[in-house]
Structure formats: structure tokens, C-alpha cells
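Take a look at the model below.

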Amino acid sequence: MAKSSLSAVVNSIDRPLRYAGAFIIAILIIGSVYTMMTDGTLTLLSPNYLLLQLKVASFLGIVACGMMLVVLLGHIDLSVPWTMAASAMLAAAWGGPFAMPIGLGVGLLIGIVNGLGVAYLRVPSMIFTLGVNVVLRGLMVMLTGGFSPSSQPTDLMLALSKNDVLGVPNPVILWAVVCVVVAFILKRTPLGRYIYAIGNRESAVYLSGVNTRLVLVASFALCSMLAALAGMLLAGYSSKAFQAMGDPYLLPAIAAVVIGGTNILGGSGKLSGTVVGTILIVLLQSVLSVMQMPEAGRQIIYGVVIIAMLLAYGRGARVRL
């Protein structure tokens, strides 16, 4: 009876969450065995290590939350890297109590431009946002002359990225707050329902009287604002805003969303899957680093795990269809 109850509980969990959770456990076991054999400790299972990984994951997780909103629509935002960099650099250069509002405002403006280009000009999101990313890079290079900016993060940016509350790092708390807000939007607001509906069939939603263009603009705006927030937190964590600081976050953010079970064509996905996908990616990168895997080997294993994850539950999804 107990065994059947446990099986029922496991089966009630979404397939992406089950596979991602299994991969996370496997990664921790393999990493723990390696550290036990090399230095006789279980470093990877210590609370300090796991909390540190959550802190590292929080920057990627905030970006992934915003990316998920766009992917649910069946679109993608390739301007995230330089949205992060531009917002952080301008916020640090501005300084003072209005630095972070300025950074969020920059993100909002970029998101509105992306949304207008996709919704009203009907340019494919991949092309338009890639163009915006290139424009942002050019503007920042022109602003700094191609060198790293001399400005430093504000005290608030440093506090939000480096301090903690009762032992819990502030970035983890902010990630949790972002997750709660995004989950509320997706589950409890008309905007969330429209996002899912547009991802399934935009024309049907438009014919039902919904202003689909405003939904697209709002979603891209939220995505860019979250990227801007992550960029400012990363600047505080690194004690400096620098060019190309957002480049390592684009593909992992997309991978976290897709690994978490969100359909890359839009219309279906859960935020919990994106959170688990983010943790999986960060743990995988960390364990490969601990194992001193060469960079080529890391990239191969990283890609194989992502492909294996997608194949594992993707085949099951096609069968049910």
C-alpha cells in the first residue's frame, strides 16, 4: 500500500520535474562520490555549498523567469545579454538612490521597443531582439569608448547581491519574490491567461476581442525588466558592471526554460519547471568545475545532458498527443 501511494505521488509530478529532479540527484551523487574519493569529504552535500549554488542560480533564475513569459507566447528574446549589461552599466554610472529605478527603467524601455517591433511591426522576435541586442552593444561601446566603465555599483546593489537575511542570501530571496510574482501573473491574472492562450493560437485570441499586441508588449517589457534586475544584482555581486556581462546567461536561460518543460513553441509550461531547470544547469556547471573537467568536456557533457532531458520527456509527450 505504501509503495503504491509513493508511486501515485511520483506519477502525479509532471514528467519534466521528475526527470530534472532525477538528474539533480544524480549530479549530486556523482559529485559527492568524486569529492569523497579525492579529498574524503562530502562538500557537495553541505548546506553552505548548496546555499552558495542557490545564490549563483538566483541570477540565472531571475533571467529565466522573464524568458519564460516570452517563450510561452511562442517567441524568444535574444536581447537579454546586453539588456543586463546596459542596465547595470547605466545604473552604476548614474549612482545614488535612483540608480536601480534608472536601471529598471532602461530594461522597461528596451522591452517596450522589443514588444512594439514584434507586435506591431510583425518582425520575427528572434530577428528583432537580436538586432536590439547589437544596437545596445554598440551604444555601450560608444558610451565607454570600448573600455570597462569606471563607475562602481551603488550601496543598494551591493547589499542586495552580497548580504543575507537570517543566513539566506538576498539574491535567493529576490529570486523567490520574483517567482511568486510571476506565478501570480500566470495563474491569477487575465494577462497570464492571455499569455498561455496566445501561445496556443494567437489568431483565435485576437478574434475573441483580446488586444494581443498589448499582451506581447507587456510580456517583453517584463522579460527585459527582470533581465535588468538580474544585471544590476550581478554587477553588485561582481562589484563592477562590465561589458558582455550578460552573454553567459542567454543560452542557459533558454535551456532552463525548455528543460523545465515549457514548450519552445509556446502555450504550455510551469514556472516550477523553470526553477528546477535553473538549479539543474547551475549544479551541473558547478560539479563539472569541481571535477576539473576540461572546457571541451564540459561543453560536451552539458549539451548531452540537455539533449537527454529533452528526449526523455519529449518522447512521452508526443505519445500522449
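Helix α5, residues 99–119, gives the nonpolar patch its largest share, 3 residues. The model here is a predicted one. The patch lies on the surface and is formed by Leu108, Ile112, Leu116, Tyr120, Leu121 and Leu214. Together these residues have about 520 Å² of accessible area. Leu116 has its place in helix α5. Leu116 counts as partly exposed because its relative accessibility is 39%, and that class runs between 20% and 50%.

Now go inside. The largest nonpolar core has 88 residues. Which of them touch the most other members? They are Ile62, Cys65, Met67, Val80, Met84 and Val182. Val182 touches Cys65, Leu69, Leu226 and Leu271, leaving aside residues up to four places away in sequence.

Next, the cysteines. How many disulfides does the structure hold? The number is 0. Cys65 is in no disulfide, and its nearest cysteine sulfur belongs to Cys179, 3.8 Å away. Cys223 is in no disulfide either, and the nearest cysteine sulfur, that of Cys65, is 10 Å away.

Are these two cysteines, Cys65 and Cys223, buried or exposed? The cut-off for buried is under 20% relative accessible area. The table gives both values.

| Residue | Relative accessibility | Class |
|---|---|---|
| Cys65 | 0% | buried |
| Cys223 | 1% | buried |

Cys65 therefore counts as buried at 0%, and Cys223 counts as buried at 1%.

Note on methods
Residues numbered from 1 in each chain as written. Predicted model: local features only at pLDDT ≥ 70, side-chain atom pairs only at ≥ 80, totals over all residues. Heavy atoms only, no water. Core = buried A, V, L, I, M, F, W, Y, C linked by side-chain atoms within 4.5 Å. Buried < 20%, exposed > 50% of the residue type's maximum accessible area, 1.4 Å probe, protein only. Contact = heavy atoms within 4.5 Å. Disulfide = S-S within 2.5 Å. Patch = residues over 30% accessible without salt bridge, like charges linked within 9 Å, V, L, I, M, F, W, Y side chains within 5 Å. Areas by Shrake-Rupley, 256 points an atom, 1.4 Å probe, with all protein chains shown as cover. Salt bridge = Lys/Arg side-chain N within 4 Å of Asp/Glu carboxyl O. Helix = DSSP H or I, 4+ residues; strand = E, 2+ residues; numbered from the N terminus.
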